[in-house]
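Morning, everyone. Let me put the structure up, and then we'll walk through it together.

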Amino acid sequence: MADSQEKLLFPGCMIGNRIPFIEASARKVFDKLGVKVLDAPFGCCPDPVGFQSTDKESWLALGARNLCIAEEQGKSIVSLCNGCTQTLTAVNQKLKHDAHKKSKVNSMLNSVGKEFKGTIDVYHFVRLLKEEVGINKIKETVTNPLKGLKIACHTGCHYSRPSEIMQYDDPFEPKVLRELVAATGAEVIDYEEEALCCGVGAGNAEEDVGLLVLKRKMDSIVKSGADYIAVICPSCFQQMDGNQRNLQKKFEQEYDIPILYLTEILALAMGYTYDDLNLRRHRVKPKALQNKE
Amino acid sequence: MTFVPNVEFKKKLLDVHLEDKIKYCYQCDRCTSVCPVAEATNNRYNPRTIIMGAMLGLPQLVLGAEDNFKIWGCQVCDTCDEKCPNDIELTEIFNLVKNISVQQGTAPEYYTMQAKTILENGKAIPSQSAIERRRKKYGLPPVPKCNVDEIQNILKQTELDKKLKYKWVEEQ
């Protein structure tokens, strides 16, 4: 169900309150493409890994509360984060199809003057760019083609898995991120472990295990010859950007591949610079982009 | 380890699936063979064993009494869900098992800390003045404030506070 009206932006806790340069790049890209977004007083999505594992009932209720806020305004949600997208999509779907759960959640929401109806849709920004903006329109806004940039794509888990719930793109061979990166003129690089998780979730329980999963991913990307990694999830971004130094220490191997959010890649192609996008805020600094006009 | 099935426990886990799909698990091990955490830990985390314990009603096999990583190794990457030939939503079962572990007080600190942060602030990562200043510099609007009272009201109804043994300020 595609609707081309303005959407409510769901940046998520991590982008909004920890790495806001990503939100800034997203808003720049949306402006250029004529995507209108409004802000809303959403709470935590909440986290499909952390909070759902802790208490599923609370996860469902808080997710439903966020959906109610959007329903009250009659607007669909566009999320900048895989985790938020998965939570909101899953809660929306579960409550739409399970009358028992819905009435249980609504009895809680009623006490704060809310009711879940199931009237809005949840978009990952990648889906919005593909379905509502379209690859052709994105190509038209490219003023600085990223020729010569070799980019490996990492969509992360919660963008298209579980496929039964997400119902978008392919759970193990996702294509849309590759298409969007290619639209900027950059070269998309294949690598063996493209479907592999970044490992951030395992790191929640034991940091070293998270690093082992990340190492397997990064080694495969190093082998592919890619110079950058495109991501669409802030948890993947933080795991891959923040932990390359830790991998280096632990395994005495060099890792120096900058992680770029898709919105940063698009903004670069639209003519924004390293400084405009505050790319120096990355842990692995994409220095080669500094003087690129 | 005693192997006496716990019927209540079994029922609780089987009830996760309204369609009772878990019964169709024939222990083919595909979940474990595709699991990146099982691979990284030489099967110290093993999704197939959790499903076996759930089917047999053996909480000892499931709740990882001696090593909570046996359940908390699951990072909800949904790879096993996707590859299961019988469409069992393994992650749903693991979520329930982890929820039980939280109430038994055996969850890793990351999870309980995050839940307490949400209980107190309505967000997993609360707003900070340094970040708000940075947002302003980037030309971003302030992060809209969420209604924390409303969120706490809901979380008292789900009894998250009790499940976490959380003490509200007035109770301390």
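At what angle do helix α4 and α8 of chain B pack, and how far apart are their axes? The angle is about 70°, and the axes of α4(B) and α8(B) are 11 Å apart. Axes here are lines fitted to C-alpha atoms, for helices over the stretch in contact, and angles run from 0 to 180 degrees between N-to-C directions. So α4(B) is roughly perpendicular to α8(B). On that scale, under 35 degrees is roughly parallel, over 145 roughly antiparallel, 65 to 115 roughly perpendicular, and the rest oblique.

Before I go on, some ground rules. This is a predicted model: local features need pLDDT of at least 70, side-chain atom pairs count only at pLDDT 80 or more, and totals for chains, interfaces and linings use all residues. Residues are numbered from 1 along each chain as its sequence is written, while chains are lettered from A and ligands numbered from 1 in the order in which they are written. Helices (H or I, at least four residues) and strands (E, at least two) are DSSP runs, numbered from the N terminus.

Back to the helix pair. α4(B) covers residues 47–56. From α4(B) come B:P47, B:I50, B:I51 and B:A54. They meet B:L90, B:I93, B:F94 and B:V97 of α8(B). Contact means that the C-beta atoms of two residues, placed from the backbone, lie within 7 Å. What classes of residue make up this contact of α4(B) with α8(B)? There are 8 nonpolar residues, no polar and no charged. Nonpolar covers Ala, Val, Leu, Ile, Met, Phe, Trp, Tyr, Cys and Pro; charged covers Asp, Glu, Lys and Arg; the others, Gly among them, are polar. A general point on spacing: an α-helix has 3.6 residues a turn, so residues three or four places apart point the same way.

Now chain B as a whole. It has 12 helices and 0 strands. Its average pLDDT is 90, and 93% of the residues score at least 70. pLDDT is the predictor's confidence in each residue, from 0 to 100. Look at the overall shape next. The C-alpha trace of chain B spans about 55 × 40 × 30 Å along its principal axes. Its radius of gyration is 20 Å, whereas a compact globule of 172 residues would have one near 16 Å. That radius is taken over C-alpha atoms, and the globule rule is 2.2 Å times the number of residues to the power 0.38. Buried residues make up 41% of chain B. Buried means 20 or more other C-beta atoms within 10 Å of a residue's own, exposed means 12 or fewer, and partly exposed is in between; the C-beta atoms are placed from the backbone.

On to chain A. It has 15 helices and 8 strands. How does the radius of gyration of chain A sit with that of a compact globule? It agrees: chain A has 19 Å, and a compact globule of 293 residues would be near 19 Å. Buried residues make up 58% of chain A. In chain A, 77% of the contacts with a separation of 6 or more join residues 24 or more positions apart. One helix to pick out is α13(A), residues 234–242. It is mostly covered, with 7 of its 9 residues buried. Among them are A:F237 and A:M240.

How do the two chains meet? In all, 54 residues of chain B are in contact with 50 residues of chain A. Elements giving two or more residues to the chain B side include α8 (90–104), α9 (109–121) and α10 (129–137). By class, that side has 29 nonpolar, 15 polar and 10 charged residues. The predictor gives the complex an ipTM of 0.94 and a pTM of 0.95.

Last, some backbone details. Most residues other than glycine have a negative phi, and most peptide bonds are trans. Here, a cis peptide bond joins A:C45 and A:P46, with omega about -10°. A:P46 is in the loop between β2 and α3 of chain A. The bond from A:R161 to A:P162 is also cis, with omega near -10°. A:P162 sits in the loop between β5 and α9 of chain A.

Two residues have positive phi without being glycine. A:D169 has a phi of about 55° and is partly exposed, with 19 other C-beta atoms within 10 Å. B:Q27 has a phi near 55° and is exposed, with 12.
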